[in-house]
Amino acid sequence: MNTFVANKAEEKLGDRPTVTTNKSKYRQNETMLALRWHGSRDVRVEEVPVPAITEPKDVICKVTGTTVCGSDLHLYHKEIMQLQKGEILGHEWMGIVDEVGSEVKKFKKGDRVVASFQIACGECSFCKEGLSSMCDRTNSSRLQEKLYGKPFAGLFGYSHFAGGFDGGQAEYVRCPIADVNLLKIPDSVPDEKALYLSDIVPTSYHATICADVKDGKSVAVWGLGPVGLFSCKWSKLAGARRVIAIDRVPARLALAKKMGCHVINFDEQSDVVSQIYKLEPEGVDCCIDAAAFRYTKGLLHTVERTMALETDSSETPNEMLRAVRKFGTISLVADYAAMTNQFLIGALMEKGVTMRGCGQAPVQKYWHELLEKIESGEFDPTIILSHRFKVDEFSELYDAFDKKEHGIIKTFVQTRFSKPPSKGTPQLSSFKAGDIKPSAVAT
Ligand SMILES: [Zn+2]
Ligand SMILES: [Zn+2]
């Protein structure tokens, strides 16, 4: 469905009621830089008004760290319904509390915090179970409700399909229901480690739990973006007997190899399934799809997606269904949006496969536990941190990240409020100055 039709449909259906508004108020005479969506492959850093406390549970944060995520590329390519021109993108951000609403209890000005990418109410039955990503009261998209039966929670900076909230690829962000959606960061954890608690650290951890990764099992991970690479790392930490990492980008494969994974470059070894059976003659116990719907390899799905005969390719799920051990487990952590063709449903049934959609990961269920693992040094998110840029260069960064150029794996984007790089993390690079420092991680 194109964005025009989707937005018209939502207008006709009328928004779902939510407990917090997506229409922020703004401070008088204060401006900031923010990355706004204007169309397919058209995102721009612009000067816009600074958000103000709009509701009593809000906090306004000065952003000290943000980044671009693989899932932002779906927005970049206009593949998410209900995008609107001028939306501020970004769902991975952290910062310093600048102003608190009258009903905020846990935070005060000056606190260092990271936000979960989802905006949860903290009170509905899903929130009470810790399933913050499935909060029932923060996403206004009636269209998503019609499509899926029930929508997931509102997300920062991810289109009106995800609630229409302004995102964190900006110098300031309004965080609704802040007591629920922010986590305080201790001084011992630098920004370059804390930022990734917003999404990729909990999401990858959740993927391995959904795939039932355990001591002594074999694991295969399709797609070595940040979530795929972290899934490899969590699998290793869980005691997996063998981790097979599948991608085509040399820098990513090199990093997986460094972690002790067996790597398959599908540009060189196109029959991934037979490669896996060579290593695991009974098939692999646990499969994780961290690749997503937009990555087609074969002609059939490329044509079908181009002609809008399907929205999502089933190639990766089908490879997993063939490669998985009988009664094994598959988890889909990568984004899938709607419909697919040629899905190998027979293997799903006949091999007794458990196939789990991970959902958007319930960040708040895991983040206390994961902060402890980061603080103790058990898990270091900077193992994949390859580059650092300024917020001014976000549009160039989207382009380079999309093209997988310069060995970029995961970035840290600084603002005027950020501290200098912490010890051992990448120095500032600049597209405009033509000074891209070689990646520290993927050598
Ligand atoms: Zn993300
Ligand atoms: Zn809720």
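## Worked exercises on a predicted model

**Exercise 1.** Decide whether Asp212 is buried, partly exposed or exposed.

*Solution.* Asp212 has 16 C-beta neighbours inside 10 Å, so it counts as partly exposed. The scale runs as follows: buried means 20 or more other C-beta atoms within 10 Å of the residue's own, exposed means 12 or fewer, and partly exposed lies in between, with C-beta atoms placed from the backbone. Next, place Asp212 in the fold: it sits in the loop between helix H7 (200–210) and strand S10 (218–222). Helices (H or I, at least four residues) and strands (E, at least two) are DSSP runs, numbered from the N terminus. Finally, check the backbone: phi of Asp212 is near 60°, a positive value in a residue other than glycine. Most residues other than glycine have a negative phi.

A word on the ground rules: this is a predicted model, where local features need pLDDT of at least 70, side-chain atom pairs count only at pLDDT 80 or more, and totals for chains, interfaces and linings use all residues. Residues are numbered from 1 along each chain as its sequence is written, while chains are lettered from A and ligands numbered from 1 in the order in which they are written.

**Exercise 2.** Find what share of the residues of the protein counts as buried.

*Solution.* Of 443 residues, 53% count as buried. The protein has 15 helices and 17 strands.
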